[in-house]
Amino acid sequence: MGLLEFKAFLKLNNEHADFLLPSWIDNNTSECCNWERVICNPTTGRVKKLFLNDITQQQSFLEDNCLGALTRRGDDWLHVLFSFVGFCQLNKLQELDLSYNLFQGILPPCLNNLTSLRLLDLSSNLFSGNLSSPLLPNLTSLEYIDLSYNHFEGSFSFSSFANHSNLQVVKLGRNNNKFEVETEYPVGWVPLFQLKALVLSNCKLIGDLPSFLRHQLRLTVVDLSHNNLTGSFSIWLLENNTRLGSLVLRNNSLMGQLLPLRPNSHFASLSNLELLDLSNNSFSGSVPSSIRLMSSLKSLSLAGNYLNGSLPNQGFCQLNKLQELDLSYNLFQGILPPCLNNFTSLRLLDLSSNLFSGNFSSPLLRNLTSLEYIDLSSNQFEGSFSFSSFANHSKLQVVILGRDNNKFEVETEYPVGWVPLFQLKILSLSSCKLTGDLPGFLQYQFRLVGVDISHNNLTGSFPYWLLENNTRLESLVLRNNSLMGQLLPLGPNTRINSLDISHNQLDGQLQENVAHMIPNIMFLNLSNNGFEGILPSSIAELRALWILDLSTNNFSGEVPKQLLATKDLGILKLSNNKFHGEIFSRDFNLTGLLCLYLGNNQFTGTLSNVISRSSWLEVLDVSNNYMSGEIPSQIGNMTDLTTLVLGNNNFKGKLPLEISQLQRMEFLDVSQNAFSGSLPSLKSMEYLEHLHLQGNMFTGLIPRDFLNSSNLLTLDIRENRLFGSIPNSISALLKLRILLLGGNLLSGFIPNHLCHLTEISLMDLSNNSFSGPIPKCFGHIRFGEMKKEDNVFGQFIEFGFGMVSHLVYAGYLVKYYGSPTLVYNEKDEVEFVTKNRSDFYKGGILEFMSGLDLSCNNLTGEIPHELGMLSWIRALNLSHNQLNGSIPKSFSNLSQIESLDLSYNKLGGEIPLELVELNFLEVFSVAYNNFSGRVPDTKAQFGTFDERSYEGNPFLCGELLKRKCNTSIESPCTPSQSFESEAKWYDVNHVVFFASFTTSYIMILLGFAIILYINPYWRHRWFNFIEELIATSGDPQVLQVQEVENPEIGDDEVLIRVDAAAINRADTLQRKGLHPPSKAAVPTPLESSKLLERSSFDGRLAIRVEQWYK
């Protein structure tokens, strides 16, 4: 009765169970041993085997062949709660197979009563709960157990099988991430079993291989993939198990040499191995010649390691039984061995993403007619490859070539008119220098699922015929070609889900019936073309659409309201068009949105509260529009935001305090707006990498707790109204590469703690009020010195999306293909002044740009010679300061410098002639200093500079300045004459000069005084001249002493005696005639020490002076 109860249980969960087990009938004539999927013991009549696996496939068969209109619904059958315990009554049951049914629930404890059970297969269901060890101890007759691909949780001790002496096959892997297998408890346990097959994939194993494996001598299959095993390759596993045919250790953390054979190794242990998968570990070194010992090897995967060197002719070429070879994603180099052509059984060849080079000749593959899958992309091959080499490869289904350097091309049209025997599923010829129309052999392909012919120079119109011929086509990528013309109406294509025709020359308007043409499209990329006109509202009818990229076209008008209410849209890019109108209106309801790019349009309105409806939003870019208003505080609720770009709009007010709640923020740009107030505290943004606040009206000090991100790369707060000093907290940003503080009111000394920022490549402290010396430790900052791991400003993938991955090859190895179309993250951009102009540097170029700008401050002292250590710096600007001393000769070590500006200082001495060795110098200026001597020779880069580089230095000489450098040439007869001949014309004896000047000045002054004393006429004329000058406006020279009459006190006046006085700003303006004195002005300066002399006590106050100094 137990089996009939099981059928009744099925009927409770699915009304069509009668069609699944039709012979299971409860009547007097029905014998259960005759039922399908049931085997009984012929002697006892007891049920001993039940094969109830994959009942859903039986149902599918019935639906397709018998029921016609019956619709299979997943919730009706696939998730059946397995609560039936009737099997527990079958105590003589030996084999129970319930695999591939998607039963759910916990396992009934009564299974432990089936002590005769030899085979238990519950794989590929949804069983859950804790797979406790007591559930299996009594099943000591077990030979085969498979509990893989379920949802078990908790920890399972493998020592539960210690006494199962009959056990041969154990498969526990591929449960969810909450399940782990403990193999080392209790320590030193020894099993009684000798396994043949062990599969512990994705069981959270860590460290070395399980120690119980050292007692196993009969293994034929071992799969320990997707764990965290460490250490070197365990060669003992192969030595102990001479029958081992399959070893899978992929996706672990194994490292060291591949196949480290010991001197006493049993080479015979390798000869039976047919499958070896060591992919996605950390093995390094070259492929050893000992690999030849694996003479039976059919499938070899070493993909995703750090293996290097060339493929050895000795050893590798002996693997002539290979059917599958995957060496992708390593560091292999050199040419491909010619013996590759001898692998005539090869079905899969994947050498992609290596450094293979040389001419990839067509004869190399001519004999490989068994090929089904070949991927040679992303290498460094050169020359031309004729695609017709594959003409007779009738089994070929997947071809992936290209993405090499610019020296590799694929020839598809030679010989003319060739006809292939293959029918491809996948074709990828990206970056293969294809020209003209699409390859002609595609006219004969009718089974294509994915096509990628991006980054070529294909011309002509859109290939409509390719979609018509291949009704199974799901992904078409024609990105970055030269296709032109309009996108005419297509016939309905219900299969295609990914279409990328970006970066072409297509134009015209989108068809109104676009939703009818590609109804199931999920990804549509039309960016970087010439499409124009209004966006048709029918585009919102694409119900499966998840990514829409229309950026960089000429679309205009308003965005359809229906599109702004598409709830399933995940990524929308409308940037770089001419859209206008208010985007964040009440119609905005993109609740499933992840990324929204609206930059460089003409959108208006405010960033209203409706943006919070997109609660999953990660990227928001509304830069370069005409948006206004304040930022709503609700933006703090959008905690998934990683990128927020509001730059170059008309936003105003203070940044809301709630913005600090965006703890996942990586890129924040609110530059070139009218934000005001003090800088907000952003210390909660621990992942922040780029911060742009420049071009606003922020005021106050830079807060000490301003930032707390150890990942910060860019800090740009230029052109605000910040004052005070640079806080010490800035020095904690150890990864900072760009620091731009120019155009503020910062003051004080440049702090030495900035030298802790050793990764800096661009620093701008210009146009402030910094004083004091330049820190010597600046010479220890990198300023452009590159490291191999540097690539922090390049363009990175924000999202990757394409066709749904399809199984395109299934053998010992499995290959999936899903041509990705990528959505890139925001590229950082900064402004920096160099070569006398302001330039913008964006993306990867920032890896190479470096500079230091300290111009327009009040810096004093000498230029530190340590700055000459900045051998990688490209721009150095110290102009418009008060620096003195000479140019350090160490500046000749600035080998990469392109712009050097030392103008408008007080530098002197000679210009080091060694500077002519600076071969990349394009801009050089020492204008308006006190330099003397000969200018550098007009050779190399200094031959490109004119006199403007030296103007304002009257003591410089040279042919370029049209001033000869005279020398005193004497006969070299005596040492003194020789010494004098070396003296230059501008050398002056300072002691003699000052003594003679002082004597002459005193004599002239005394003579002038004597003349005035002796001659009354000239004395009178002199005082009249003084009186005339007093009333004259002008420079300080007009300030003179004048005698006035003694003041007489009048009514209601007081007499004040001035003991000391000073000139204030108002006085200087009046002196220059730039401002008239007010009616209440007094003849004495405001800043004076006064003593009341007398008063008439009348109440009114007027001030007269005994002596007036003006």
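A residue counts as buried at under 20% relative accessible area, as exposed at over 50%, and as partly exposed in between (1.4 Å probe, protein chains only). By that rule R737 is buried, with a relative accessible area of 5%. The model is predicted: local features need pLDDT of at least 70, side-chain atom pairs count only at pLDDT 80 or more, and totals for chains, interfaces and linings use all residues. Residues are numbered from 1 along each chain as its sequence is written, and side-chain values use heavy atoms, with hydrogens and water left out.

**Salt bridges**

- The structure contains 17 salt bridges, a salt bridge being a side-chain nitrogen of Lys or Arg within 4 Å of a carboxyl oxygen of Asp or Glu.
- R737 and E847 form one of them, with their closest N and O atoms 3.7 Å apart. Strands here are DSSP runs (E, at least two residues), numbered from the N terminus.
- E847 is buried, with a relative accessible area of 5%.
- K49 and E95 meet through their side chains in a salt bridge of 3.6 Å, N to O. Since K49 belongs to strand β2 (residues 47-51) and E95 to strand β4 (residues 95-97), the pair ties together parts 46 residues apart in sequence.
- E95 counts as buried, at 14% relative accessibility.
- K561 and D587 also form a salt bridge, and their closest N and O atoms are 3.8 Å apart. This pair links distant parts of the chain, 26 residues apart: K561 is in the loop between β41 (554-557) and β42 (571-573), and D587 is in the loop between β43 (578-582) and β44 (595-597).
- K561 counts as exposed at 51% relative accessibility, whereas D587 is partly exposed with a relative accessible area of 28%.
- A network of salt bridges links D326, D350 and K815.

**The sheet**

- Twelve strands, in the order β47-β49-β51-β53-β55-β57-β59-β67-β69-β71-β73-β74, make up an open sheet with parallel pairing. Two strands pair if DSSP finds at least two bridges between them.
- β47 (628-629) and β74 (955-957) are the edge strands, and each pairs on one side only.
- Within the sheet, β49 (residues 650-653) pairs with β51 (residues 674-678) in the parallel sense over 2 bridges.
- G653 has F675, in β51, as its bridge partner.

How values were computed
Helix = DSSP H or I, 4+ residues; strand = E, 2+ residues; numbered from the N terminus.
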